[in-house]
Amino acid sequence: MALITDKLVVLDLEAPDRHAATRILAEALDSEGRVTDLDGFLADVRKREEQMPTGLPGGIGIPHARSAHVTEPSLVFGRTAGIDFGAEDGPATLIFLIAAPEGGGEEHLAILAKLARRLVRPDFRQSLHDAPDSAAVVDIVTREVVNQ
Amino acid sequence: MKFVAVTSCPTGIAHTYMAAESLEQSAKDAGHEIAVETQGAAGSQPLPAEVIAAADAVIFAADVEVRERQRFAGKPLVQVGVKKAISDGPGLIAQAVAAAEEAAAHPEVLAAAAAAPASGGGLATKVDSEAGTGTRIRQWLMTGVSYMIPFVAAGGILIALSFMLAQIAGGKRGAIAVVNYNLTGTGADAHWNLATNFNLTSGMDWAGLLFVIGAASFGFLVPILSGFIAFAIADRPGIAPGIVGGFIAATMGAGFLGGIATGFVGGFTALWISRRKVPKGVRGIMPVVVIPLVSTAITGAALILVLGRPIKAISDGLTSWLNGLTGTNLVILGIILGLMMGFDLGGPVNKVAYTFATTGLATAAATAAAGGTPLKVMAAVMAAGMTPPLGMALATTIRPGLFSEPERENGRAAWLLGASFISEGAIPFAAADPWRVIVSSMSGSAVAGALVMLFGSTLRAPHGGIWVVPLIGAPLLFLLAIAVGTCVTTAVVVALKSTAKTTDADLVAEPAATTAAPAV
């Protein structure tokens with residue numbers, strides 16, 4: 001199954017805070033049947049978030065977890081006007097919810113690793129900012145991360 | 001320049017790789033080479049040894065312990081959290097350049113760690129080669145203490161168990177008689193010789209067995225302390241002079257002070273010899289013959305002829321001073337040790353008090369029945385180290401409103417950490433609100449330390465918290481002291497936090513369980 005599909009893209013994400021934003025993104029996973037227990041998964045993400053906020057410079061938030069409630073390694077992408085994820089330089093505008101199964105296979109984890117590496121690159125972030133629709137986002141991620 | 005780096009993070013699927021990418025990009029932009037080992041969930045490819053050897057400096061961008069970090073021993077090191085690499089890759093590369101240049105300008109600073117690059121083995125020291133002199137002396141000492149602790153633990157608990165068993169099997173005199181057991185007795189002593197006479201049905205013989213093994217373990221305390229102080233100073237060449245010197249110190253009755261002296265003498269002698277420039281022909285036999293021979297001879301002779309007697313006098317004086325302390329003075333000692341334990345929760349001051357107690361155990365070693373000041377000191381120090389996390393745990397339970405949510409979660413873990421004598425369990429609270437938490441932890445620890453001294457509880461094990469309570473003399477009073485100390489800490493922290501109205505929901509605590517290490 002694909003890491004990301006157009007059902008896993010939320011271009012106009014609106015939420016009062018990062019926990020609400022994460023929940024909206026996780027609900028997309030739930031309706032696609034990629035998590036078995038939405039609240040259990042959110043609790044795992046929150047546990048990680050509380051160890052250290054996952055906001056990063058450049059307007060990025062990457063709530064993530066390896067969780068027993070995840071069935072497929074998945075990426076949910078959200079674009080917002082700005083939600084605080086605890087980064088030093090301000091709110092995040094690109095949110096990546098990364099879900100990995102507890103005992104995830106090497107090959108899937110390698111894809112997630114490649115995704116993480118891309119996130120650091122300004123041109124990759126810019127192309128996501130500029131993407132006109134969900135299909136374009138899926139294209140970019142698939143081209144840059146999955147098929148390389 | 002050439003660099004190597006290791007990146008790692010708690011989950012191992014995101015930050016690890018982002019940090020690696022950021023470092024690679026930044027190094028490339030600045031015209032340097034870098035090889036990054038990502039210790040993440042997708043498995044890690046260890047850096048080839050020759051790449052590490054060729055590197056000018058090492059960067060650790062890690063929020064969890066770097067695996068097999070001894071591979072990088074002797075290299076200039078820049079160590080930061082993983083986020084730093086993501087947010088400021090170029091700055092980190094610049095720091096690595098500076099560290100490499102600093103090391104090139106002062107090679108002697110790193111020489112100690114690099115003295116035997118191929119022989120680093122699995123043994124780690126606590127020495128940070130970039131620290132100042134005072135810090136490094138403490139790190140040398142702590143390396144020795146950390147290698148000594150397992151011997152203290154094994155020996156102390158075995159001896160305590162043997163006394164318990166002897167009391168059951170041999171009645172009131174059992175715990176006194178059990179120290180007569182040995183492995184070499186002949187003639188009139190033959191019936192104490194466990195090697196020749198062991199009766200499977202005799203409870204006293206079993207107690208004797210535990211005692212003999214525990215005493216053997218205690219016999220290693222001073223040699224190991226000394227050997228690994230020398231190891232921290234001179235790497236592998238230090239071990240032989242250090243251990244032999246320590247053994248001589250123990251035999252002469254110069255105790256742990258003698259062992260510390262031989263550790264330093266042995267370490268620096270070995271270091272000095274191993275740095276000499278020698279002809280090529282001799283170089284091959286330096287590590288196997290010359291260094292151990294000369295350094296061991298010098299260290300042993302220095303102790304026997306020069307240092308031994310004055311140190312023995314000091315050591316005897318200290319021991320008799322401690323044993324002579326009674327009543328008020330003993331309580332004052334308990335207060336001071338308690339204040340130290342509660343002050344920095346696993347930091348240097350806490351460690352000084354803890355080291356004082358464990359080396360006291362070593363001095364008291366296999367001496368007869370329970371009792372004696374060193375055992376009370378150990379009990380007081382342990383009680384004082386348990387109350388800070390327990391007090392915080394209790395405070396989050398009775399007044400949750402005064403704490404942030406992460407703190408309340410830390411509070412639940414702190415019950416277990418405190419009960420196990422892991423003072424570090426209170427660190428997340430102290431990090432979020434230093435002075436209120438430290439004042440309260442010092443108050444409670446001082447009370448606990450003083451009460452243990454007053455009650456006269458004794459402890460032979462160097463660690464273990466409530467799990468070794470059965471081995472404690474006057475256990476109920478010991479627990480009472482902890483309970484009172486815990487309540488004092490709780491009361492003070494609640495009072496301070498209430499008056500300051502720091503119910504600020506944004507109080508963010510440091511991650512708790514992941515950073516808490518045993519107080520050793």
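This is a predicted model: local features need pLDDT of at least 70, side-chain atom pairs count only at pLDDT 80 or more; totals for chains, interfaces and linings use all residues.
## A walk through chains A and B

Residues are numbered from 1 along each chain as its sequence is written, while chains are lettered from A and ligands numbered from 1 in the order in which they are written.

Let's stay with chain A for a moment. Its mean pLDDT is 87, and 95% of its residues reach 70 or more. You'll find five helices and six strands here; helices (H or I, at least four residues) and strands (E, at least two) are DSSP runs, numbered from the N terminus. Reading from the N terminus, the order is β-α-α-β-β-β-β-β-α-α-α. Of the 148 residues in chain A, 46% count as buried. Buried means that 20 or more other C-beta atoms lie within 10 Å of the residue's own; exposed means 12 or fewer, partly exposed is in between, and C-beta atoms are placed from the backbone. Among contacts in chain A with a separation of 6 or more, 68% come from residues 24 or more positions apart. Two residues are in contact if their C-beta atoms, placed from the backbone, lie within 7 Å.

Now for where the chains meet: 22 residues of chain A are in contact with 20 residues of chain B. On the chain A side, helix H2 (38-51), strand E4 (64-67), strand E6 (92-101) and helix H3 (106-119) each supply at least two residues. H3(A) gives the most, with eight residues. By type, this side of chain A has 14 nonpolar, two polar and six charged residues. Here Ala, Val, Leu, Ile, Met, Phe, Trp, Tyr, Cys and Pro count as nonpolar, Asp, Glu, Lys and Arg as charged, and the others, Gly among them, as polar.

Over in chain B, look for an open sheet of four strands, ordered E2-E1-E3-E4 with parallel pairing. Two strands pair if DSSP finds at least two bridges between them. At the edges sit strand E2 (33-38) and strand E4 (77-80) of chain B, each pairing on one side only. Strand E1 (residues 2-8) of chain B and E2(B) pair over six bridges, and Thr7(B) stands opposite Thr38(B) in E2(B). Helix H1 (residues 15-29) of chain B packs on the sheet, touching E1, E2 and strand E3 (57-62) of chain B, and its direction makes about 175 degrees with that of E2(B). Axes are lines fitted to C-alpha atoms, for helices over the stretch in contact, and angles run from 0 to 180 degrees between N-to-C directions. Helix H4 (residues 89-105) of chain B lies across E1, E3 and E4 of chain B, at about 150 degrees to E4(B).

Further along, 17 of the 21 residues of H11(B) are buried, so this helix is largely enclosed by the rest of the structure.

Most residues other than glycine have a negative phi. Asp235(B), though not a glycine, has a positive phi of about 65 degrees. Asp235(B) sits in the loop between helix H9 (221-234) and helix H10 (239-252) of chain B, and counts as buried because it has 28 C-beta neighbours inside 10 Å. Ala474(B) also has a positive phi, near 55 degrees. Ala474(B) counts as partly exposed, with 17 C-beta neighbours inside 10 Å.

Conventions:
pLDDT is the predictor's confidence in each residue, from 0 to 100.
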